Amino acid sequence: MVKLELRRDRIVARWGDWKSEWVIEPRYWRNPTIAITALFLLPLLVQSYPHILTMITTANLYAAIAIPLALQILGTARVNFGPQLYLGIGGYTAALLNLHWGWSPSLTFLAVIVVCGVIALLISPTTWIAKGLYFSLITLILPLTFLDVTFIWGDIFRGEVGLVGMSPLLNFTKVSWNYLAYYYLSLILMLLYLLVSDRIVRSRLGVNLAAINENEDVARMMGVNVDRYKVVCYVFPSILTGIVGWFIVHTFRTFAGVTYLPLEFMTKVLIIVIVGGRAFLYGAIPGAYLISIVEDSLRAVGPSNYFLFPLVLILLIVFLPRGEGLWGLYRKRRPRDYFPKLHVRRE
Amino acid sequence: MRKPLFWVGVLLVVLGLATGGWAAAPAATGPIKIGFMGNLSAPSSLSAKAAATMAVDEMNKAGGILGRPVQLIVEDTKGEIPKCVEIYKKLVMNDRVLAVVIAEKVEMGVAGMEIGAELFPEYPHIFFSTIGSGDDIWHRVRDNYKKYRFGFQTYYSTSTNYLKILAGLNSEVYKDLIKTKKVALIFEDMEWTKPLRKGLPGVSGPLAEVYKSKGLQVVYDTTVSLDQKMFNPIFEAVAKSGAGVIDCVVGYIDQAAFIKQWAQSSARDIPLYIWGGLAGMPPAWKMTEGKVNGVMIGSSMVRVAITPKTIPFMDNLTNNYKVGPIFGSHTTYDTLYGFKKAIEKAGGTGNIDALITQLEKVEEVAVLGTIGWDDRLHFNLPYPKYITPIVQWQKGEMKVIFPKPYKVADYVSPADLRK
Amino acid sequence: MLEITSVTKTFGGLAAVSEVSFSVKKGEVVGLIGPNGAGKTTLLNLICGIYKPDAGSIRFEGTEIAGLPPNRICRLGISRTYQIPQPFEAMTALNGVLVSVLNGKKRRRMSLSDAVFEASYYLEFVGLFSKRDTLARNLNLYELRMLELARALATTPKLLLLDETMAGLNPAEAERALEMIWNAQEQFDFTILWIEHVMKIIMKAAQRVVVLQYGKKIAEGPPEEIQGDPKIIEAYLGARYAQHP
Amino acid sequence: MKEILIHIALYTVLWGSIYLLISLGFSLICGVLRIFHLGYGVTFVLAAYLVWTFMEHAHLGLLPSILLMVLVQIGFALIVFYKGIFERYLEEEEVLLSLSLLVFVAIAHLANYLFPVTAGVSLPTTVVDDVLTVGGSTIAYQMIVAAAVGVLVTVLYVLFFLKTRIGLIIRAVSQNLLAARLMGVNVNGMYYLAMVLSILPPTICLLVIAPFWGVDPFMGSPLLMTAMLIAILGGLGNLKGSIVASYLIGFIHATVSFLFVSRFMGLAALIVTLVVMIYRRGGIFAGETLW
């Protein structure tokens, strides 16, 4: 029987002799509350511009891919260059099951979790085997291989056309309501990911992950079971990414590997992580929003936006605070936060 | 004291924004809006955009449609599905366009059509896909007319017609012009070639069978992937198979490399017939250093007057809009004219279903013959209505060798041309 | 408590440690000395599981630990400090200790804040409590060594492996460090296997000394004997002089 | 069957040498700077489009424009890539990687914006425009030339690294940066040199393969992928490794396309690489050294 007791500064949950404490710090609540309220009120502003709403929805999804990636980078102490692999796997799983066997979104949701989990589990040993850069490269190759497969087994994955006409998540009478609902769903998804990841980072697990990210061998010496944590940190974010794929499938109702699997998409996500604040969970949100908005407003300048956009990104990366990105602009760290580095070349 | 005022102001602004923008359905008066979507880094989309702009300019010069000016809204999808969806919503829900033209790869067309079907009941509009090849667009109309009836596809052909009509023409070319019965088939590994590789159930067998029924003999067939760069093994095999012609059902592979390697392989004396794509564009000669010499291709970018419109179209496009005609520009241009005529027939844009009926009936003189759409399946009327002449590169220029009425030169074998 | 029997480890051609065997009894302080490159640190790494011995066995309280992963060995109660301090640079001192508190032994049910209390206790013990919120990369050498000690203590070791804890400390700091270690040993009574270069200290501290040279054990016994042994003086001090003329 | 074997052997050599030429510069940077040059593809794009620009718009001859192009290339590599990115972010790999990738994308799109496919870009660099028939298979002389050039350049580089003093120093730098610094090596200078050296092979490569290869703004990424595959397979930045890997991939491609379907060349290579990566971590020659 779980017993909750409210202390002056914390909630203590007891269950038998298991005990967990959540420190409450009202002094840190103001800005998050403001931000979240703003995000929830945003539709009021753009309600009559569904495309902007869609853009922000997409931005939310980008953030929802970037946040698990950041968590994964922290926990595996390696940079995954192919998170979109699980986007693809999740998307195709959901789409195929829904199209061919008519599974409802809720069922496909479970299926996505299972499939992504299993595949991630099978691939996870690479986190011990492959050294830093090699890991990045393997993860870089995997999605491209999968992309090629979508063409080779065109009967199943339908190559460049992709899968179309999956059943929608919601079906209101007015489409604009749908889009509103999708915005809120994506927002909630993203915030949920943020919350979960944040809880993890601030929990006992988080401390151990930080240790792994700092120095695996020393961590081992301190008794940290590095391999197990690494597997967890590879599989769990992968599942989260897969769920985003599921969401895309059931909201856009078209899913083609050619859009999500190539390098360009990964670059975008990685840059969101970097611009937002390297491997720093909250940064992903401003990063995603900024990049989506920049990209969309650049379209106005015509065909030249194709080379202007990367240039702008370069400027962003170069001129934002080293490593801390937008988040670094927002505020300096509190000492008890752990601010991880990304080590690509790590042994 | 100040603060409340400020907040009230903010509230007013918000409400204003929120309530604004809810305009009525596409206005029955005022300009007729047409939305154009394409990946403006792809030459085909760029050229299609120019063609659309040109068509609209001409219409406005000629007094618009039913005296109403035509307005073209160009948007860039960047070739990303999320963007495509986003922009489609913008065009239909905010700009209230009467028609959306997607001149891009088929996955965009399909994605757009899905969103369109979602919007159509509330925001009636027409959807045209003018570059997306393959069958996915009209298959939707065939399978669920009521839901997708607003969608029309204009392309040189669809796989049904490839199999039913063009295959026949090709076999004529091979038998009568090239004088061979042995064909080697090369498919690119994409969706649009699948019906040709595997056949359409209930419509026709695969291309190989069709050729067989036409008295040809397929001695070799293979598929190539889009990112493939090395084709020598294929040509070696083709040469060994003793084929008389190489029939390449390709449009998107690296044709420059393909042709260059063909011209320097053991298969160089076997004529190469390409269904469409880069090799059919005027710059192809330059790009391949003249190695394209002797290649045959279905190309619409040749200066031969199929209709009175053809030559002016090409001149105008190249001179005033600074883009060469590529596949996609003709179709887009013709589509808009067909659309114009349909509106005039329907006598206005008020009733969308009347407009759709007219689009199904309409027939308008086009750059490549006659534009019009199948009244049930909504793909544009095939050959002989809509013609893609078969040309051969001879000493630096494309010469039409088929069909008869437009023929300007005879077929010459690559070996002779090389001399 | 710790029996090492004929342990051998070779890297490529040369044997870093060959046929070394000695044992450490409970509550003892054993010094492990020898010139540079004698394989002291290798031996340490073998004990705490970074390397797997090619031959021989290492038994800790009767359980064979040769080839076990370091985290298992740590859980069994062997903990170490590094010759060159290896802190978690971007983590605060407190977090660093926290890691070993959480993982040093099975503590399924401990909540984070309780762990923080315990960690700060160890920090306090080594006198770093005031630095709890400084990032480890901003600590000076002495503080780093103390942090290492705290981290090692926090895993509640039965056997503590000290790798040249005194290297690079000035005499005053060395004294304090020594005091710290003695206090710690009293308080948490653990056994110490101590690699040290500073002869003075090791001779004072250790009850028994094992001498390695070129990966082989050349002598073992109480400090006074060792000091008496000319062979060792030659081998060992010779090496020392060669280092600091 | 015998004929097929001849084919395979022939094309293994041909393609292997060409792939070697493609990947040489990449593994060089990998080996010396110990970084992953994701902007490597730019070199090909610049090579093609600069020559084209100089010839078409500055009306220079072929050779002058090639020379000019090489100069501009080197300048670009040193200023943008080395000074701008590698030097500043050598310790922040993820920034480094994404920046170089972004530069690559930007240049490719710029090229596409200025000279889209319709501009008909091409390089008149055919040396011998004829075909040679040996053992029942016909090969373009140009391909043989390319292969020969590939082997030649590689041999030159290997000799340079083995025999000359500078080469020795560079190898030292690649093996142990710190030690090299202590020995008083001017590491920066060596890095500059390495960058310059890494520019030449891809440039030459593009010039010789242009007659049988497609030239378009986005040709960089497939070439980069090839180079990456070879570098990974061979063991990052080990020339021995990349030589072996090049011919191995050439062999895989040849075998798959002659015995099976050429469509699966790419996939086969990818899969083999993955398997090697997992069972032989660090590639074929997993030494952290240039040679």
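This is a predicted model: local features need pLDDT of at least 70, side-chain atom pairs count only at pLDDT 80 or more; totals for chains, interfaces and linings use all residues.

User: In what order do the four strands of the open sheet in chain C stand, and is the pairing parallel or antiparallel?

Analyst: In general, strands of a sheet pair through backbone hydrogen bonds, either parallel or antiparallel. Here the order is β2-β1-β4-β5 (chain C), with antiparallel pairing. β2 (14-24) and β5 (63-64) of chain C each have a single partner strand, so one side of each is left without a neighbour in the sheet.

User: What packs on the sheet?

Analyst: Helix α1 (residues 40-47) of chain C does, touching β1, β2 and β4 (55-60) of chain C. The direction of α1 makes about 65° with that of β2(C).

User: How many bridges join β1 of chain C to β2(C)?

Analyst: Seven bridges join β1 (residues 2-11) to β2(C), and the two run antiparallel.

User: Into which domains is chain C divided?

Analyst: Domain 1 of chain C covers 1-77 + 160-245, and domain 2 covers 89-156. Their C-alpha centres lie 25 Å apart. Eleven residues of domain 1 of chain C are in contact with eleven residues of domain 2 of chain C.

User: Which element supplies the largest share of the side of domain 1 of chain C that touches domain 2 of chain C?

Analyst: α6(C) does, with five residues. Both α2 (70-76) and α6 (171-188) of chain C supply at least two residues of that side. By class, the side has seven nonpolar, two polar and two charged residues.

Notes:
Residues are numbered from 1 along each chain as its sequence is written. Chains are lettered from A and ligands numbered from 1 in the order in which they are written. Two strands pair if DSSP finds at least two bridges between them. Two residues are in contact if their C-beta atoms, placed from the backbone, lie within 7 Å. Axes are lines fitted to C-alpha atoms, for helices over the stretch in contact, and angles run from 0 to 180 degrees between N-to-C directions. Domain bounds come from an automatic or database domain assignment. Ala, Val, Leu, Ile, Met, Phe, Trp, Tyr, Cys and Pro count as nonpolar, Asp, Glu, Lys and Arg as charged, and the others, Gly among them, as polar.
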